[in-house]
Amino acid sequence: MDWGALHTILGGVNKHSTSIGKIWLTVLFIFRIMILVVAAERVWGDEQDDFICNTLQPGCKNVCYDHFFPISHIRLWALQLIFVSTPALLVAMHVAYRRHEKKRQFRKGDQKCEYKDIEEIRRQRFRIEGSLWWTYTSSIFFRLVFEAVFMYAFYFMYDGFRMPRLMKCNAWPCPNTVDCFVSRPTEKTVFTIFMIAVSSICILLNVAELCYLLTKFFLRRSKKAGNPKHHPNHENKEETKQNEMNELISDSCQNTVIGFSS
Amino acid sequence: MSWGFLRDLLTGVNKYSTGIGRIWVAVVFLFRLLVYIVAAENIWKYEHDEFECNIKQPGCENVCFDHFFPVSHIRLWALQLIMVSTPSLLVVFHVAYRENREKHHTQKLYKSPGEIDGGLLCTYLISLILKTGFEIVFLVLFYKLYNGFKVPHLVKCDLRPCPNTVDCYISKPTEKMIFLYFLVATSCLCIVLNLSELTYLIFKYSIKCYLKKCVKKHQ
């Protein structure tokens, strides 16, 4: 049980995302989670052991460490990644709910017994329109908010993104102002800047995706307003069904096991 | 055998849950289990090594640590996660029993073995009550054992063999406190979800029973 479980959950959401959403997910997994697990955790692994203060006074090191690092960078990043990934679950739940409704309709409706129809419903990829559009857009909005909040928290707590080599501490029980030295400050600064840069890229991707969805929404609306004579429901149903058939044929080799939202 | 087992259990439970139950599973998974494994465990990893007393007397640190931390926060947290997830097994066992019974009698005895009605509804309600009970018990235990949810940075200890009252310093108290508050917040959220689900199920099935009675009366 670790980040792999999150990967399984979010992998299922990937199917119903836009292209920008898929890029965002890739950036999240490769440049943030993977870097956190294989590199950053090692850099911060010995942070308290190698935090050395120029005093023999017992307790001074503990108190100074706690004062300068109320919450470690690595834990803050882990929390940020969990919070930022969570809104995608809203989409997964909405899709699961729609599938459930379709299955119920299929069971109640005509008994044509199309072989593997339930399987088709399970494998079906939903288009981002209607209520799913609102869920998807809200999830992107929440992602943006969480990213921004965590970046601000980082900046506020650590007075910028640089890790200093030396910190002066005079918290009790340190007898005087004492010099405390942080372990691997340059490496930590490099990784901090890297993680901040990738967060910024993710924010830009989310903003781009939001703009894309809003543009699509307004274009669709203006199309509907421009063609009032056609029966929109009937035409959309036919169009949607044809699109779904085409997508089913093209997606039939790209099944992802949805361990969580089935 | 590790947390993966609990993850598989929760995924199996998800199939027979209501909508609120699935939200509960998501909260337990992401905000409790995942946070515990990727963040919290590392904070408490070296808590004994980093616990420092202002004394050279051998044995004093050990005795003081044992006095102030009879059971470590992180172990209580793990126990809470296990105990809170386990009542859901009752539902899984009941569904398996139903499926077995259908196989044994080789005929359809239930509309759907996984549908929450009749005996399975009682089992589900009992599991919800047990889950809520365990959550409350552990929160009270945390509160009583540690005098609230604060983690002080200094504790004063005067147990033998410490010669006098000695200052002992806890490592990373602020970080531990932040995660403890996070634990309390998620526990409270899970309690609210369980109570909502309980209310929803009781309400839904009361209405169903009442409507059935009405229909019978008219007939």
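**Disulfides and their surroundings**

Mentor: B:C53 is buried, its relative accessibility being 2%. Keep in mind throughout that the model is predicted.

The partner of B:C53 is B:C168, and the two sulfur atoms of this disulfide are 2.0 Å apart. The torsion about their S-S bond is about 105 degrees, so the disulfide is right-handed. B:C53 sits in strand β1 (residues 52–53) of chain B, while B:C168 sits in strand β3 (residues 166–169) of chain B, so the bond ties together parts 115 residues apart in sequence. B:C168 is buried as well, with a relative accessibility of 0%.

Another disulfide in chain B joins B:C60 to B:C162, with 1.9 Å between the sulfur atoms. This link is right-handed, with 105 degrees about the S-S bond. Here a helix is tied to a loop: B:C60 belongs to helix α3 (residues 60–68) of chain B, and B:C162 to the loop between β2 (154–157) and β3 of chain B, the two parts being 102 residues apart in sequence. B:C60 has a relative accessible area of 0% and is buried. B:C162, at 7% relative accessibility, also counts as buried.

If the bonded cysteines of chain B are numbered in sequence order, they pair as 1-6, 2-5, 3-4. Over all chains, a search of the whole structure finds 6 disulfides.

In chain A, one of the disulfides joins A:C53 to A:C180, at an S to S distance of 2.0 Å. Its torsion about the S-S bond is about 105 degrees, and the disulfide is therefore right-handed. The pair links distant parts of the chain, since A:C53 is in strand β1 (residues 52–53) of chain A and A:C180 is in strand β3 (residues 178–181) of chain A, 127 residues away. A:C53 is buried at a relative accessible area of 10%. A:C180 is buried too, with a value of 0%.

Some cysteines need a separate remark. The sulfur of B:C188 has its closest cysteine sulfur in B:C190, at 9.4 Å, which is too far for a bond; the cut-off for a disulfide is 2.5 Å between sulfur atoms. B:C188 is partly exposed, with 35% relative accessibility. B:C190 is likewise in no disulfide, and its nearest cysteine sulfur is that of B:C188, 9.4 Å away. B:C190 is buried, with a relative accessible area of 0%.

A:P58 touches B:C53, and among its other contacts are B:E52, B:N54 and B:Y169 of chain B and A:P173 of its own chain, leaving aside residues up to four places away in sequence. A:P58 lies in the loop between β1 and α3 of chain A. With a relative accessible area of 18%, A:P58 is buried, because the limit for that class is under 20%. The C-alpha atoms of A:P58 and A:K102 are separated by 66 Å, although these residues are 44 places apart along the chain.

For the interface as a whole, 31 residues of chain A are in contact with 37 residues of chain B. The two chains bury about 3100 Å² between them, and 67% of this is on carbon and sulfur atoms. Between chain A and chain B the count is 1 salt bridge. It is formed by the side chains of A:R75 and B:E175, at 2.8 Å from N to O.

On the side of chain A that touches chain B, the elements giving two or more residues are α1 (3–14), α3 (60–68), α4 (73–85) and α5 (87–108) of chain A. Of these, α4(A) gives the most, with 5 residues. By residue class, this side of chain A divides into 19 nonpolar, 7 polar and 5 charged residues.

Conventions. Residues are numbered from 1 along each chain as its sequence is written. Chains are lettered from A and ligands numbered from 1 in the order in which they are written. This is a predicted model: local features need pLDDT of at least 70, side-chain atom pairs count only at pLDDT 80 or more; totals for chains, interfaces and linings use all residues. Side-chain values use heavy atoms; hydrogens and water are left out. Contact means heavy atoms within 4.5 Å. Buried area is the accessible area (1.4 Å probe) that two parts lose on being put together, summed over both. A salt bridge is a side-chain nitrogen of Lys or Arg within 4 Å of a carboxyl oxygen of Asp or Glu. Helices (H or I, at least four residues) and strands (E, at least two) are DSSP runs, numbered from the N terminus. Ala, Val, Leu, Ile, Met, Phe, Trp, Tyr, Cys and Pro count as nonpolar, Asp, Glu, Lys and Arg as charged, and the others, Gly among them, as polar. Buried means under 20% relative accessible area, exposed over 50%, partly exposed in between (1.4 Å probe, protein chains only).
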